[in-house]
Amino acid sequence: MKPIHLSVGRFNIDIIVNIEKMPDTDEFLTTDLMEIMPGGAAVNYAVAITKLGHSSKLLAKVGKNTITQSLMESIAEMGVGLDYVEETNAPQSMALIFLRKNGKISMVRKLGASTLITQEDVKKYFGLFDTIHFASVPPNIVVRDPMARLISYDPGPFSKDVNEVDVDVLYLNEKESKAINLDKIRAKIIVIKMGEKGAKIITENQECYVEAYKVDNIVDTTGAGDVFDATFNYSLLEGLSIEEGLKLAVTASAIKIQRLGGISSPNLNEVHEALKIYEPKVKCI
């Protein structure tokens, strides 16, 4: 039976605009790209884990509007379960993503209904999932389900608020890792994602570093970290080694950044095919 993941966090309306600079007052610019897509870290994770072959359900709160409904239908068609997505009268969470030529992004967020999730919402579904992944939510929502095989957390913009959390895997980017006192974190594995420099993990017994999977055509880095999280969690549930999990995760992220949108993650076969072309080096000490 497939492992089942609960992805806790936001369902966003992502508006992606290709633009190199912000227009000045009374200035009008044109762009060759302006797309509306489903997004949010929890959505990106749920789609990615489904494409890898596991099952996923999303726990989120959304506003009532036709655009949200249409975008939810699109991720349902990808296999993501929406049983635990609750419609509310609050405004819909949105993100305006400014995409640069090198694939780098900047973002303006409207939090809306996504802020209404509570720890009690999560506790209602204890015992139903192999993995609970908390994506870009405040640390006071993170709670351990004693019956789950894996609890993971990627705080994203809430990393500055993380003091003590009880999780199996904590995902951070390089900047976030420098702002947190890692000695106070109760996590079996701390993963630090470093973009073009690769990634490293810290456990009680070892530290491992994996180089990045190099690509030339970077289109959009949106959601690359969420794809990494999903792929590494997949490897843990499949019983793969830390080294193999890191190789899979950086490769999946590299494939994603060559595509537009946070939900454009690869399937497992695509990752394995890419590893036949190049296998990132891993060093553990």
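Guide: Let us start with T222, which is found in the loop between β13 (207-210) and α5; helices (H or I, at least four residues) and strands (E, at least two) are DSSP runs, numbered from the N terminus. This is a predicted model, in which local features need pLDDT of at least 70 and side-chain atom pairs count only at pLDDT 80 or more, while totals for chains, interfaces and linings use all residues. Residues are numbered from 1 along each chain as its sequence is written, and side-chain values use heavy atoms, with hydrogens and water left out.

Visitor: Is T222 buried or exposed, and with which residues is T222 in contact, leaving aside its neighbours within four places in sequence?

Guide: Buried means under 20% relative accessible area, exposed over 50%, and partly exposed in between (1.4 Å probe, protein chains only). T222 has a relative accessible area of 5% and is therefore buried. Contact means heavy atoms within 4.5 Å, and, with neighbours within four places in sequence set aside, T222 is in contact with I97, I105, K256, G261 and G262.

Visitor: How should I read the packing of α5 and helix α6 (residues 242-256)?

Guide: Axes are lines fitted to C-alpha atoms, for helices over the stretch in contact, and angles run from 0 to 180 degrees between N-to-C directions. Angles under 35 degrees count as roughly parallel, over 145 as roughly antiparallel, 65 to 115 as roughly perpendicular and the rest as oblique. Here the axes of α5 and α6 come within 8 Å and cross at roughly 150 degrees, so the two helices are roughly antiparallel to each other. As for handedness, a crossing is left-handed if the near helix is turned anticlockwise from the far one by less than a right angle, and right-handed if clockwise; the crossing of α5 and α6 is right-handed. On the α5 side the contact is made by A224, V227, F228, T231, F232, S235 and L236, and on the α6 side by residues including I242, L246, A249 and K256. For the classes, Ala, Val, Leu, Ile, Met, Phe, Trp, Tyr, Cys and Pro count as nonpolar, Asp, Glu, Lys and Arg as charged, and the others, Gly among them, as polar. By that scheme, the contact of α5 with α6 has eleven nonpolar, four polar and one charged residues.

Visitor: At what angle do helix α1 (residues 41-51) and helix α5 (residues 224-237) pack?

Guide: Their angle is about 45 degrees, with the axes 8 Å apart, and α1 and α5 are therefore oblique to each other. α1 passes α5 in a right-handed crossing. The contact is made by A41, N44, Y45, A48 and I49 of α1, together with D226, V227, D229, A230, N233 and Y234 of α5, and these residues divide into seven nonpolar, two polar and two charged.

Visitor: How do the axes of α6 and helix α7 (residues 268-277) cross?

Guide: These axes come within 9 Å and cross at roughly 100 degrees, which makes α6 roughly perpendicular to α7. K247, L248, T251, A252 and I255 of α6 meet E270, V271, H272, A274 and L275 of α7 in this contact, which has six nonpolar, two polar and two charged residues.

Visitor: Which strand holds I189, and with which residues is I189 in contact, apart from its neighbours within four places in sequence?

Guide: I189 lies in strand β11 (residues 186-193) and is buried, with a relative accessible area of 10%. Beyond its neighbours within four places in sequence, the contacts of I189 include D168, V169, I201, F232, L236 and I242.

Visitor: Where does UniProt place the feature "domain: Carbohydrate kinase PfkB"?

Guide: The unreviewed UniProt entry places that feature at residues 7-139 and 182-265; UniProt positions are given in the numbering used here, feature names are shortened, and annotations may be inferred rather than shown by experiment. Over residues 7-139 the chain is 20% helix and 37% strand, while residues 182-265 are 35% helix and 20% strand.
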